[in-house]
Amino acid sequence: QVQLVESGGGLVQAGGSLRLSCEASGSIDRINAMGWYRNPPGKQRELVATITTGGSTNYADSMKGRFTISTDNARNTVYLQMNGLKPEDTAVYYCNAEIVRIGSPLLFNFWGQGTQVTVSS
């Protein structure tokens with residue numbers, strides 16, 4: 001089994017910062033990419049940012065310049081540094097990872113349980 005465990009969410013005032021972490025553990029052969037998505041209240045899940053194990057990144061336009069995604073490949077951990085937070089960033093943030101499990105050649109998508117980020121105005 002594979003698990004993704006997120007941490008770092010919370011309540012912050014507009015203009016503040018938070019850092020999210022997500023560690024993947026279990027029967028992992030290799031990780032192709034990790035990323036963050038979010039569900040704002042009443043809206044569909046949307047991309048925040050992704051990063052490959054080679055370091056290539058992709059950001060949603062509204063997050064560019066404010067959010068930074070990074071990884072510690074040795075620890076199977078992805079981070080999301082969020083600066084200049086706005087009330088519209090309020091959402092449940094989910095970690096995602098594309099993982100090949102030990103003993104299987106297939107690539108699977110795994111999701112964390114989500115962490116709430118609330119930005120007050």
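Predicted model: local features only at pLDDT ≥ 70, side-chain atom pairs only at ≥ 80, totals over all residues.
A pair of aromatic rings is described by the distance between the centres and the angle between the planes. The search of the whole structure returned two aromatic pairs. In one of them, the ring centres of Tyr37 and Trp111 are 5.2 Å apart. The planes of Tyr37 and Trp111 meet at 65°, and the pair is therefore edge-to-face, since an angle over 60 degrees falls in that class. Tyr37 belongs to strand S4 (residues 28-39) and Trp111 to strand S10 (residues 107-111), so the pair ties together parts that are 74 residues apart in sequence. Tyr37 has a relative accessible area of 21% and is partly exposed. Trp111 is also partly exposed, with a relative accessible area of 37%.

The other pair is formed by Phe108 and Phe110, with 6.4 Å from centre to centre. The planes of Phe108 and Phe110 are 55° apart, and the pair is tilted. Phe108 is partly exposed at 31% relative accessibility, whereas Phe110, with a relative accessible area of 16%, is buried. The cut-off for buried is under 20% relative accessible area.

Arg45 was found over the faces of two rings. One is the ring of Tyr94, where Arg45 lies 3.8 Å from the ring centre. The other is the ring of Trp111, with Arg45 at 4.6 Å from the ring centre. Trp111 thus has Arg45 over its face and also pairs edge-to-face with Tyr37.

Conventions. Residues numbered from 1 in each chain as written. Heavy atoms only, no water. Phe/Tyr/Trp six-rings, centres within 6.5 Å; stacked < 30°, edge-to-face > 60°. Helix = DSSP H or I, 4+ residues; strand = E, 2+ residues; numbered from the N terminus. Buried < 20%, exposed > 50% of the residue type's maximum accessible area, 1.4 Å probe, protein only. Lys NZ or Arg CZ within 6 Å of the ring centre and 35° of its normal.
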